[in-house]
Amino acid sequence: MAVWDLLAEGRSPRKYRAGQLVYLQGARPECFYYLISGSVRSFISSSSGEERVLAVHRSGDLMGEASFFDGCPRVTSAMALEDCRILTIDRPQLDAAFQRHPELALPMLQYLARTVRLLSDHVGSSSLPAQQRIARWLLGQPGVASDAGVSTVQESGAIRATHEGVGQAVGLSRVTVSRVLGELAAQGLVELGYRSITILERTQLEDMAFEA
């Protein structure tokens, strides 16, 4: 049983259809969400209508927790990529879960820290060269499989992603992503496959991603 299943004890999730909004950027956070099944994309919308994908959430992920805990308006929106079952968790429900299962506290803090780091990386990388943005994105992918076009590391070590999906995640065009990935492949740092990228030389990629 996943640790977050303890939040769902005795409660029924809500069903969301593909394309349905889960929460909206700028809204006041009354709850956060536990994704029980399906996939959801989290994204930021600009005033011009452009969208930048931050993550693709899969079964077992929490969503919208950072805004819930700091009480500020949501900085992202989330939309179901396929039919999903999602549990909403408000303050009384969370307090009750902590009382029953105090062991939830540490993994919750660790999850929040990872969320903050993810958002910081996105903000901090916006002014970086394309090669560094893509290298950091590759290195930061979680070990969760996804068929949604943007995210993730499978057991084989390959990152399943389209070039368009990577571009949305790092704020670059598909053409630029294809060029940079081709350069990384030519240097022997990654191997490209059909909708997949495999890191071959992690240390060298890290040196490139975080060089001053």
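Student: Which residues does Leu184 touch, leaving out those up to four places away in sequence?
Tutor: Leu184 touches Gln131, Ile134, Leu138, Leu189, Val190, Leu205 and Met208, where a contact means heavy atoms within 4.5 Å. This is a predicted model, where local features need pLDDT of at least 70, side-chain atom pairs count only at pLDDT 80 or more, and totals for chains, interfaces and linings use all residues. Residues are numbered from 1 along each chain as its sequence is written, and side-chain values use heavy atoms, with hydrogens and water left out.

Student: OK, and which residues touch the most other members of the largest nonpolar core?
Tutor: Ile134, Trp137, Leu138, Leu184 and Leu205, out of 22 residues in that core. Such a core is a set of buried Ala, Val, Leu, Ile, Met, Phe, Trp, Tyr and Cys residues joined through side-chain atoms within 4.5 Å, with buried meaning under 20% relative accessible area (1.4 Å probe, protein chains only).

Student: Which element gives the most to this core?
Tutor: H4, with six residues. Helices (H or I, at least four residues) and strands (E, at least two) are DSSP runs, numbered from the N terminus.

Student: Switching topic: in what order do the four strands of the open sheet come?
Tutor: E2-E7-E4-E5, with antiparallel pairing; two strands pair if DSSP finds at least two bridges between them.

Student: Why is one side of E2 and of E5 left without a neighbour?
Tutor: Strand E2 (21-23) and strand E5 (51-58) are at the edges and have a single partner strand each, so one side of each has no neighbour in the sheet.

Student: What stands opposite Leu21?
Tutor: Met79 in E7. E2 and E7 pair over two bridges.

Methods:
Buried means under 20% relative accessible area, exposed over 50%, partly exposed in between (1.4 Å probe, protein chains only).
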